[in-house]
Amino acid sequence: MGTCWGDISENVRVEVPNTDCSLPTKVFWIAGIVKLAGYNALLRYEGFENDSGLDFWCNICGSDIHPVGWCAASGKPLVPPRTIQHKYANWKAFLVKRLTGAKTLPPDFSQKVSESMQYPFKPCMRVEVVDKRHLCRTRVAVVESVIGGRLRLVYEESEDRTDDFWCHMHSPLIHHIGWSRSIGHRFKRSDITKKQDGHFDTPPHLFAKVKEVDQSGEWFKEGMKLEAIDPLNLSTICVATIRKVLADGFLMIGIDGSEAADGSDWFCYHATSPSIFPVGFCEINMIELTPPRGYTKLPFKWFDYLRETGSIAAPVKLFNKDVPNHGFRVGMKLEAVDLMEPRLICVATVTRIIHRLLRIHFDGWEEEYDQWVDCESPDLYPVGWCQLTGYQLQPPASQCKLVYRKGVLL
């Protein structure tokens with residue numbers, strides 16, 4: 001809905017069900033938007049002036065919200081709320097006066113909502129997706145379901161269809177069939193020799209496009225050092241090394257001091273990824289840089305570490321410096337995917353902003369569960385997104401409840 005949200009603002013009038021009514025049939029009345037919070041709007045019935053006693057929240061994209069004039073066109077009755085029904089003798093004249101020159105929703109608003117919730121990915125499509133148990137490689141998975149553009153993917157060899165992975169259709173973790181071979185990425189070959197009935201490869205044009213880069217001149221090289229968000233602990237930015245340079249601008253990154261000997265925990269980031277940073281990024285922006293595990297010369301100094309390891313820093317000019325005018329502010333609420341448990345979407349707060357990087361805090365959880373996320377991540381949603389799409393929203397964790405997280409009773 002981002003492209004047509006300019007039609008929504010405070011004082012916009014809409015027709016909504018009148019809940020302050022004793023009639024046996026469903027009737028409507030006009031309300032004005034008092035306040036917006038994501039997809040949700042605080043509405044006040046016309047005629048209540050400054051009285052907020054019957055104000056109510058609703059999802060502005062809901063099926064019961066209509067532009068002014070919808071009732072007349074649909075033959076639905078407009079009935080003033082019982083609390084104020086005797087306030088005016090001539091309600092029609094009151095409405096004419098109040099609504100002259102007022103803004104309402106565009107007549108095709110419900111159609112735009114419907115169109116924005118149509119997704120090109122369909123069940124039975126095959127994709128290549130990161131192997132959640134071995135981050136260095138991809139596997140074939142099949143789209144099981146699509147909710148709000150989020151995909152439940154079942155790895156192709158999962159016989160009971162429980163070995164799954166959730167991600168958004170625009171996630172950098174999914175690719176078309178054949179992607180891994182084309183860029184030189186590791187790939188787990190399937191034991192299944194032919195596609196199962198009804199399964200088909202997702203058309204390549206449906207996947208998020210990465211920015212084209214020129215690798216012919218000065219470019220990233222194996223062994224160069226940088227700073228990177230740890231894919232296994234998204235609350236930390238770590239000392240990291242380029243382990244392999246792939247085609248089309250992709251890089252395999254290892255977190256210093258914690259790499260498996262076989263490279264099975266290397267992770268693929270594109271050169272333009274907002275999750276990798278030049279040496280010194282954390283120091284400049286007063287972020288705590290996580291040193292290599294077991295490194296004892298603390299506080300960590302990049303100059304000393306580069307000399308000790310006989311390595312060089314990746315050139316600053318090769319990193320993505322684009323910072324969109326994203327509009328996020330510290331303290332804003334949103335609905336965010338817990339990327340360590342990506343089937344979960346939680347109530348969250350923006351607690352820090354560094355250029356395009358957002359620190360996301362999951363309400364009710366300790367700060368150690370915070371995650372660094374890009375401002376344009378497809379895993380961040382406005383308040384009300386889960387209600388609109390029918391996705392389950394995880395409420396803030398309560399200290400007085402027993403809560404399970406990652407299989408541990410807290």
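**Salt bridges and a buried strand residue**

At 12% relative accessibility, D374 counts as buried, where buried means under 20% relative accessible area, exposed over 50% and partly exposed in between (1.4 Å probe, protein chains only). The structure is a predicted model, in which local features need pLDDT of at least 70 and side-chain atom pairs count only at pLDDT 80 or more, while totals for chains, interfaces and linings use all residues. Residues are numbered from 1 along each chain as its sequence is written, and side-chain values use heavy atoms, with hydrogens and water left out.

D374 forms a salt bridge with R356 (2.6 Å, N to O), the term denoting a side-chain nitrogen of Lys or Arg within 4 Å of a carboxyl oxygen of Asp or Glu. This pair links distant parts of the chain, 18 residues apart: D374 is in strand β22 (residues 371-374), and R356 is in the loop between β20 and β21 (357-362). Helices (H or I, at least four residues) and strands (E, at least two) are DSSP runs, numbered from the N terminus. R356 is likewise buried, at 11% relative accessibility.

By this rule, the count comes to 29 salt bridges. One of them joins D7 and K112, with the closest N and O atoms 3.8 Å apart. D7 lies in the segment before β1 (13-17) and K112 in helix α3 (residues 109-116), so the pair ties together parts that are 105 residues apart in sequence. D7 is partly exposed at 28%, as is K112 at 25%.

I345, in strand β20 (residues 345-354), is buried, with a relative accessible area of 0%.
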